[in-house]
Each structure stands twice: as structure tokens, then as C-alpha cells.
Amino acid sequence: MKRSMRVVAVLASMCSATCFAEGGFIGATLGKADLDVDGYEDATSYSFLAGYQANENLAFEFSYYSTGEAEYSQESFSYRYEDSAEIDGPTLSIMGIAPLNERFEFYGRLGVWLWDAEYSFKYSEPDFSLEASESEDGNSVFYGLGAQFAAGKNAKISLEFTKYEAGDEVDIDIDNISVGGRYYF
């Protein structure tokens, strides 16, 4: 987690001057992350973002994305097993934008995600219990497609599908669908 926090601080300081200039934007998303791991329930994902739209067809975006905590549990009369995973970290992406009219546009994105993954499990029986956790970090390329609707002069509402990957020893594919908002300066 420490590596991601340093990266977030450096990228946020680089972005702060540009994002609050004309063409800059800030925003947030909320969505559902489907981790491609058998038995895991979908998690509530979120991101906080800032960026700069260079022209009507090109933007750069920095964000902090989290899958939220995905959980799995199994229980019987003699035991209980619980497993959870949360993957988060900073992203940096380039966006290609295709405006349809003054209020509606499609976009695609390609970027890199510096992720930290936290895994934990707990197994318990009436006379025995075991808990463990593990973490790993890495980076991977991600991509997404979305649409934005201008909800006012400076505000846009978005709907996006994004595909992430994480995990070194076990690859985890993450399908994320989110709604969000951006405020443009």
C-alpha cells in the first residue's frame, strides 16, 4: 500500500496545476466490480478522479480506483470459511472522445493501473480456527468504453465499462461497470 500512496501523491501534485485550469476536471464514480473468482460476490467499486481535456477528442485522467471488498463464504454444521479480496491503486489513462452532439459523447480509454491486492481468509470449527492474510502489488494495463451526457454547462454524467487485471500468481480479471460524474473548470 505504501508504494501506491507515494505514486498517488506524486501524480496528484502533477495534476493539481493542470486539472484546475481551463479544461481540467474532477469527479467520482460508483459501480459494481465482478472479480473473476469462483464464488465471490460482486463488490461495490469506486474511484476518485482528476484530469485534463486537451481538446474535444483527447483527455488525460488520473484516478484512484478500488474494487471494494469482494467476499466469499461457505458454512456447514461443522465449519465456516470466509474469504475476501480488495484490490486498489492509482491509474493513469488517455481517453479518445467522439462527440455526437453538444450534449452526448462516447469515449474509450487505455491506461495503466498500479494495484495493491489484499487477500484474507478465516476458517473456523468448534475447537479450531485459522486466519491468514496476504498482499501483493503490481501493475497492469486496463481499458474501457463509456458514454457521457452533459447535465449542465460544467457537469457531465457518465456510464462506463472497464476491464482490469490484477494478481501475479493468480490472474484476476475484473469487469467493472460504473456511473459517475465529472465537473469541468
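How many helices and strands make up the secondary structure of the protein? In this predicted model, local features need pLDDT of at least 70 and side-chain atom pairs count only at pLDDT 80 or more, while totals for chains, interfaces and linings use all residues. Residues are numbered from 1 along each chain as its sequence is written, and side-chain values use heavy atoms, with hydrogens and water left out.

The secondary structure comes to 1 helix and 8 strands, where helices (H or I, at least four residues) and strands (E, at least two) are DSSP runs numbered from the N terminus. Along the sequence, the pattern reads α-β-β-β-β-β-β-β-β.

Turning to the interior, 41% of the 185 residues count as buried; buried means under 20% relative accessible area, exposed over 50%, and partly exposed in between (1.4 Å probe, protein chains only). In soluble globular proteins, nonpolar side chains tend to be buried together. Here, the largest nonpolar core has 17 residues, of which L35, I87, W113 and I174 touch the most other members. Strand β5 (104–125) is among the elements that give two or more residues to this core, and its share of 4 residues is the largest. Such a core is a set of buried Ala, Val, Leu, Ile, Met, Phe, Trp, Tyr and Cys residues joined through side-chain atoms within 4.5 Å.

On to I94, which is found in strand β4. Why is I94 called partly exposed? The term applies because its relative accessibility is 38%.
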